[in-house]
Amino acid sequence: MYSAVVLETPLLLVLVAAPSLAAVAELLRGRRDRSARAGGFAVAGTAAALGSTAALAVLHAVGSPATLGGDPAWLRGDAVTLLVAGVASTIALTVLVYARRYLDPGSEAVRTAAGGSAVLAGTLLVASAGRLTVLVAGWLLTTLAVVALLHHPRLPARRTATMRTVTALGSGDLALVVAAVVVLAVVGDPALDGLGGVAGDLQQRSFSVVGLTEVSVATLVAGLLVLAALARASQLPFPAWLPGTVAAPTPTSALLHAGVVNAGAVLLIRSLDLVTGVGAATALLALATIATVLVSAGAMLARSDAKGALAVSTSAQMGFMLLAIAVGAPAAALTHLAGHALYKSARFLGVGAAIGTAIRERRFAPAARLEGSAARRAALVVVSLGVAAVVGIAAGLTLSGADAWMVGVALAVAGAQGAWAWLTRPLGDQRTTVLGVAGVTALTLAALGVMVVLKALLESALPPIGDAAIDAPLALAVLAAGGLAGSWVLRHPAHAPRLWALLAAVGRPRPIARSPLPPSPRPAGAVHLVPARSLP
Amino acid sequence: MTLVESSPSGLSVAGTDRAALRGRLQVDVARAARLVAPLWPIERFIAVNPMQGLTDRGFDGATATASRWLGVAGLPGPGDARRALADGRLTRADLAAAVAEVVPDVAGMDPLGGPSHAVHPAELVVADLLSAADPARVAAPRTVLEAFDADHGSSYAASVDDEVTRWLAILVEHHHGPGRGAGSLGAWPTWLALARHDRRLRRLAGRDVRQRLEGLPRRADDAVLRALDVLGVGDARWTDELRGQVARRSGWAGFARWSDEWAAADDPAPRLALLDLLAVGLTCDALVYEQLRGRVVPTARPAAPIADRDAVDPDRITGVLRATGLDPDDADLRVAAAAVLGRCSPRQRGLAVLAALENTFRASLLQGLGAGSGRPAPATTASHGSPAAQVVCCIDVRSEGLRRHLEAVGPYETVGFAGFFAAAMRFRPAGSSESIASAPALLQPEIEVREAEVADGRDLARRRRTSAATGASFEDVAHGPAAMYALAEGAGWVLGPMAVGRTLAPGAASRADAPVGALCVEGDGAVGYTLAERALVAETALRTMGLTSGFAPIVVLCGHGATTTANPHAASLDCGACGGNRGAANARAAAAVLNDPAVRAELAARGIAVPAATWFVAAEHDTTTDRVRLFAQEPPAVHAEALRRLEADLARAGERNAAERLAALPAGAGRAGAPASTRARRRSADWAQTRPEWGLAGNAAFLVAPRSLSTGVDLGGRVFLHSYDPAGDVEGRALETILTAPMVVAHWINMQYYGSTVDPQRWGAGDKTLHNPVAGVGVLEGVGGDLRAGLPWQSVAGFDGPRHEPVRLCTVVVAPQGRVEGIIERNPILQELFDGAWVHLVVVEPGSETWRRRLPGGSWVAVAASDSVDGRAVVTPSAGGVASTEDGSSATREVRS
């Protein structure tokens, strides 16, 4: 698992320090000169972080993972660190370069530059943490940076979003801090190698809850860690804070994917042994994420605004990612983390093209329709299922265990839906249809290949997996059933108005109707002061 | 305890009464709808006058009405005056003269101070104006619920607005136009079904809201009537309440107005009926009000919401007296100053600023065109030389720069004509299942022109369909609840690097020109024009632009379009004359028509002899990159050499124009050393660029004249240029066409930019960085709220402030005054525009040196030479870029002989 030979290097310090210093520099310059063009320092700091990641990757490839500090190391650069740091730095660099051109000089530009650098610094700290305290420090720094990014003194929509975010993230952070304090009190500052070593110690301690049951400290800590991860990823039962962040400019929405929403996965993977060892915690994780996935996927279909739909779908995607950890497929979770972060930030940056693209597709693309004889329709179904089968078999052959299930089923469903979408848009040309289906299959297999490669690279840094609390096939079956049912039901609001009304309100702050009078319930049939003429 | 006002009396169940009520409601709804302008779907953004429904009240009345109902200022404020002063566009003398013009009372008052230091009262007002803050936008209560909120300090109306706009977005997205959207009920029944289960409505309107919703009528108009009844709105005040409802969601109401009044029956865009919008809004208001009024004592609505005068407090008087050099402690002076300041309301101050800006611009424009220089206005467009080519450009202000540079680099003549080249049509590109209306918004074209499916041996239709099907399949998978996980993961590895590339190196990948197929303009009148129609198109085009003789060997019909990336308002930069689309299709259609030998024979029969050697070629000017693409498929060999030279000259002219434009854009310098065309191309391909070009910002005048009047004059890209031949248009038909169509379009564009500059929150679309595309028809700002109409702030302003100068259009016509007066008399629309002070009119007789301005009411006043601006000229506001100062008085004028 972990190689005994490590390499001490200050590169790790550069990795973390560069964006932090950049954030401070941006703040100072912004304070001195409001009208100067902000973002130069931020870009430089982020580029330095990306460069360090690349250098560390080279070191890792030729030699051994890097560490910095004492025993246990403060910082370390194993495969997980490098993947997360690489993705986060790339996204942050892109977004900050974008923001520098996109935002007019002023307080918003300064806020984005400084906040973005701080978010990256926090993420890098979390990803490269060798100890629990370092991880908690990075986590708190990220939360602070997010709140700073969202906060705006004058705009009410931003204020509401900030309040919601503070509530949600604050509760998660509180859970994390309590867990850290408990662990520190019991076993000191452990190395983040899955926390398997200390799990045993924690199991032995227990305390009683309201004199009724005995709960072991391990259960408490694992539960709190799970709650922290859930809150960060905008999962139930925490309030959905992601949709409100759409009130901030586009670069901020994209930045949130550079390690803010994904940090939960890193936390859980670094404490994987502890968390998977506690059945209750894993069950909580699985239930919360499955529920979130079902609700968020539905809510995404019920959103009419492009940015809102992207934000809500992020909740669902994060649910899928955390579910992968619950079923014992951390490699799948990490590959999903990386791919999705790049995808979502790219889509946010390009959201302005949403309507133009939709119109062009409406004009030129053949409408998706299922027509023809029963035999023909059956053939389409068979072909789509065939693509799914091919992909599924390939996944089963190249991956194993829960990874094979999560990745395989997800890719198989995607391949089938892609083939179906293509087949139901007849272009009138056999050759194009066949090429299209082949293309879908090839792309899906290529994605599988990428995931296999990534998993192989990550193998060395992942702790071995114990028994998962939830069976992967079961979880996926629930998801698939819910997804299919939802997509059929939600095709139009009138099909399921109650569900639609519920989902359409996800993520919105409750209506405020300040009135000096307390609301009083009206009993049905009360006499109105003025008879309301009911028009027939 | 007072009860609510009496409900409509005599509500009987009889059918005829019900029908009468519904009829009355329709009338009142139509009246209320005029408060907002129609809002086109954003992919074919049409610039509209925000006060389009109020034009019959005149500019003053319309801005006052808009101010009362929408809470807009409607006029430039002290901030604009201060900025203009700092830029050098205005002097205090200009402002004082404007104050004297707008407030005659003040002009007639005695000067203050002694004989040694006499201060005219107008100067006092100017000093006060310059030190004032921008007037606060007061939102007066407009509806019953807002009045309740004002009385009790609650915020029910704002919460209801949040909910209603959220519902409207859902309803619009799922209530498509006819023939699409399977299983969709009307918007109102859908809302009833959804609202029944909405917990948020329960929070606002009480727990029994579900029962109350059951009892609501199934027809939207009945629901409106019932809600008006519940709110206690009497018959006479229906219009007011409806206006208030419209004002509270002016964006969606504007879309509803487009949907009801302007959308073609087979338009595939989503729809929203205004009656449905009002039904939802009023019902929510009524539901909330019902549960409130039982508990509180309703009070009378405040009578006059906004005072039209502001308080004249002692500090103000002191400041004003000090600023004008008078003694602030002199009691008599203080009394006199208070009298002066009390005469001038905030509205009048705004009108004065507007008048000052307009007067200065007009004076500098006329001076640049030669007024007061002793030079007679040209009488005809007949060319004096033998140009190698004539280039017909759209009247768009951006053509002005290209035309100026093109005339400077080679022997070319340029002509201005509306960008649809009289070929109003529905254009169907190869592979498309819809046809696009490619004509000014005022026209409803019926003839469809199709693009050939095969071009240069490539199957265009198949390529486009395949590419679109790929995109659509991708979106299907991305939204599939079970399939989106793997897609996000896999696609991230492709989209991520693409995003990095696009951000770090925009425009690195040079886009090849998209292939186009030939247009089939011949046909039976449904698809393709008949011969008679083609001849009409050709004749109209040539006669209206005054090009009936003296044809050059090559005549270029140059439409325009803009290339931007990830820009929801992309269509706002495209050609307005082509319905918010690119102009290439119309140019190609017109060129095909004019090259047709049969059409030429018809033209000869009608008196226009086009030489056989003359060849019409279509082109498109990309206004963001300043590249002109010629659609010269199979040119005649005799023109090959000239065409090659023309292409080279167009590239050179484009390069110069791009350099000039980029200097005025914020951060337009880009990487040093790169040629302007590369920098412009990079800017257009940059998805992080909120200002790829300035578009029509700065537009201020409409010139109807032979080109020789303005050749060589640097008009700064602020003037719409339409060519006109006074000598050849004896009956005035061409002039009438120009004034009643292109000028109205220019007026709409001018007022759209005016509104978005003067009131960016109500009439403009707000901050572009917060824009959130919604329902496929428009944008929201941020997470919710009303649909945004108008232009985003970044389109009218730079880093330091507005780039567009909020002035009304100044039309300058070279024609006999009698001809113009006759045309105005025959056309009510022109009477509305000119008498209502929406558009200024200046006329100069051909061959004369007397320029006259028409005042509202029909009288004419001479434009005196002393109105000149002493060397200050057509200066565009500096906003983060280098201020482009064009000194009209010393502009080079090349007199073509």
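How much area do chain B and chain A bury between them, and what percentage of it is on carbon and sulfur atoms? In this predicted model, the two chains bury about 9700 Å² between them, with 64% of that on carbon and sulfur atoms. Buried area here is the accessible area (1.4 Å probe) that two parts lose on being put together, summed over both. B:Tyr485, B:Glu489 and B:Trp493 stand out: these residues supply 8% of the area that chain B buries against chain A, more than any other three residues.

A word on the ground rules. Because the model is predicted, local features need pLDDT of at least 70 and side-chain atom pairs count only at pLDDT 80 or more, while totals for chains, interfaces and linings use all residues. Residues are numbered from 1 along each chain as its sequence is written, chains are lettered from A and ligands numbered from 1 in the order in which they are written, and side-chain values use heavy atoms, with hydrogens and water left out.

Counting residues, 119 from chain B are in contact with 108 from chain A, contact being heavy atoms within 4.5 Å. There are 7 salt bridges between the chains, each a side-chain nitrogen of Lys or Arg within 4 Å of a carboxyl oxygen of Asp or Glu. B:Glu434, for instance, forms a salt bridge with A:Arg362, with the closest N and O atoms 2.7 Å apart. On the chain B side, helix α21 (residues 484–504) gives the largest share of what touches chain A, at 17 residues. Helices are DSSP runs (H or I, at least four residues), numbered from the N terminus. That whole side of chain B divides into 54 nonpolar, 37 polar and 28 charged residues; Ala, Val, Leu, Ile, Met, Phe, Trp, Tyr, Cys and Pro count as nonpolar, Asp, Glu, Lys and Arg as charged, and the others, Gly among them, as polar.

From α13(A), A:Ser313, A:Ala316, A:Gln317 and A:Phe320 meet B:Met484, B:Tyr485 and B:Ala488 of α21(B). By class, this contact has 5 nonpolar, 2 polar and no charged residues.

Technical notes:
Helix = DSSP H or I, 4+ residues; strand = E, 2+ residues; numbered from the N terminus.
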